[in-house]
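Hi everyone, thanks for coming.

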Amino acid sequence: MEEEKETEQNDQNTLESQPNSQPTPLSKNAQKKLLKQQKWEAKKAEKKAQVKEQKMKEAERKRKEWEERLSSCASEEERLKLIESRRELRKERMEKRAEEKEDKLQRLSKAKEFGQNIVIDLEFADLMTNSEIHSLVQQIMYCYAVNRRCTSPSHLWLTGCRGEMENQLQRLPGFDKWIIEKESQSYIDALQDQKENLVYLTADSETVLDELDLKKIYIIGGLVDRNRWKGITMKKASEQGIQTAKLPIGSYLKMSSSQVLTVNQVVEILLKFVEIKDWKASFFEVIPQRKRGETDSEELQGVDGEELENEDDASDKKKRCIEVRSTQ
């Protein structure tokens with residue numbers, strides 16, 4: 001009897017110690033987000049299939065067109081000349097692309113010495129899930145692509161680049177060849193001899209950035225989901241004793257809600273301002289139309305830095321853009 005009671009008690013304890021097999025029900029807000037994500041992924045898959053089909057049709061059209069041209073040749077000599085002409089054209093295109101690529105690389109190399117320094121702070125990786133890190137990595141990839149195309153590129157830095165963040169960045173094609181500073185250290189350590197020139201861009205700052213100073217090093221915080229970590233970049237900069245500033249969006253535009261932008265949007269605004277020296281025009285060109293205020297939409301279109309509720313902004317900028325805590 002004693003043994004049976006002990007056995008029953010052990011079984012009961014085992015059952016009580018086991019986790020509830022029933023999944024925790026999602027909140028209404030979480031359900032909405034999940035549904036929105038599912039819709040976006042379905043839409044993305046559909047668009048991808050449409051693009052693929054369109055490319056296949058275009059390739060087939062060109063193939064038929066080429067075959068018709070060959071078949072219309074009056075002689076074998078004319079046919080050979082046509083083929084040779086096509087080869088020469090392809091060669092010229094390849095040479096032109098190689099020249100353009102070399103020019104871009106030279107501009108990026110020159111920017112290391114003479115360009116505006118922009119840092120993306122990656123030390124918030126431990127506050128994000130792997131999927132959120134992946135989203136930020138996609139934004140970084142877009143930042144580099146945009147900077148690479150600029151006639152006057154800036155010099156980009158990735159600091160705090162380690163752990164899962166580094167792993168995902170290393171998976172990007174050609175990442176090791178990027179002309180960019182990659183530091184596992186924090187910017188405060190990597191740039192300790194220039195601490196007086198560090199300026200953290202955060203929407204919580206009271207200082208408005210009127211001009212860009214080549215001597216300054218502007219820092220953008222990479223953090224997905226601002227709602228969980230409000231004020232974290234401002235707090236970090238204050239504790240480190242470095243300067244802070246925010247973009248002058250409020251000075252030019254009427255915002256419809258918050259003034260938080262994605263990392264790639266902030267980088268592109270800075271790059272555009274370096275080029276044209278006009279904040280308002282830079283905002284209008286970079287911020288997606290759907291995020292602009294009503295009043296400014298009637299002019300050149302205002303801006304709104306609200307959180308990206310889906311990744312349609314990625315379509316606007318050809319890259320997936322998840323909300324990142326940074327300047328406005």
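Before we start, a word on names: helices (H or I, at least four residues) and strands (E, at least two) are DSSP runs, numbered from the N terminus. What you see is a predicted model, where local features need pLDDT of at least 70 and side-chain atom pairs count only at pLDDT 80 or more, while totals for chains, interfaces and linings use all residues. Residues are numbered from 1 along each chain as its sequence is written, and side-chain values use heavy atoms, leaving out hydrogens and water.

Let me begin with a backbone detail. Lys277 sits in the loop between helix H9 (263–276) and helix H10 (279–286). Lys277 is not a glycine, yet its phi is positive, at about 55 degrees. As a reminder, most residues other than glycine have a negative phi. I'll be saying "buried" for under 20% relative accessible area, "exposed" for over 50%, and "partly exposed" for in between (1.4 Å probe, protein chains only). With 55% relative accessibility, Lys277 counts as exposed.

Now to the strands. Strand E1 (residues 117–121) pairs with E2 in the parallel sense, over 5 bridges; pairing here requires that DSSP finds at least two bridges between two strands. Asn117 stands opposite His155 in E2. How many of the residues of strand E2 (residues 155–159) are buried? The count is 5 of the 5, so E2 is largely enclosed by the rest of the structure. From E2, His155, Trp157 and Thr159 point one way, whereas Leu156 and Leu158 point the other way.

Next, salt bridges. The rule is a side-chain nitrogen of Lys or Arg within 4 Å of a carboxyl oxygen of Asp or Glu, and by this rule there are 14 salt bridges. Please look at Lys236, which bridges to Asp121 with the closest N and O atoms 2.7 Å apart. This pair links distant parts of the chain, with Lys236 in helix H7 and Asp121 in strand E1, 115 residues apart. Both Lys236 and Asp121 are buried. Lys236 also forms a salt bridge with Glu123, at 2.9 Å between the closest N and O atoms. Glu123 lies in the loop between E1 and helix H4 (130–149), so this pair ties together parts that are 113 residues apart in sequence. Glu123 is partly exposed, at 24% relative accessible area. Through shared partners, salt bridges join Asp121, Glu123, Arg162 and Lys236 into one network.

Being 4 residues apart in helix H2, Glu67 and Arg63 are separated by about one helical turn.

Patches are made of residues with over 30% relative accessible area and no salt bridge, and like charges are joined within 9 Å. Lys62, Arg69, Arg86, Arg90, Arg93 and Arg97 form a positive patch. Helix H2 (28–71) and H3 are the elements giving two or more residues to this positive patch, and H3 gives the most, with 4 residues. There is also a negative surface patch, which includes Glu88, Glu92 and Glu95. Glu95 lies in helix H3 (residues 76–114), and Arg93 is found in helix H3 too.

Definitions and conventions:
Patches are made of residues with over 30% relative accessible area and no salt bridge: like charges are joined within 9 Å, nonpolar side chains (Val, Leu, Ile, Met, Phe, Trp, Tyr) within 5 Å. Accessible areas come from the Shrake-Rupley method with a 1.4 Å probe; for residues, only the protein chains shown count as cover. Lys and Arg count as positive and Asp and Glu as negative; His and the chain ends are not counted. The place of a charge is taken as NZ of Lys, CZ of Arg, CG of Asp or CD of Glu.
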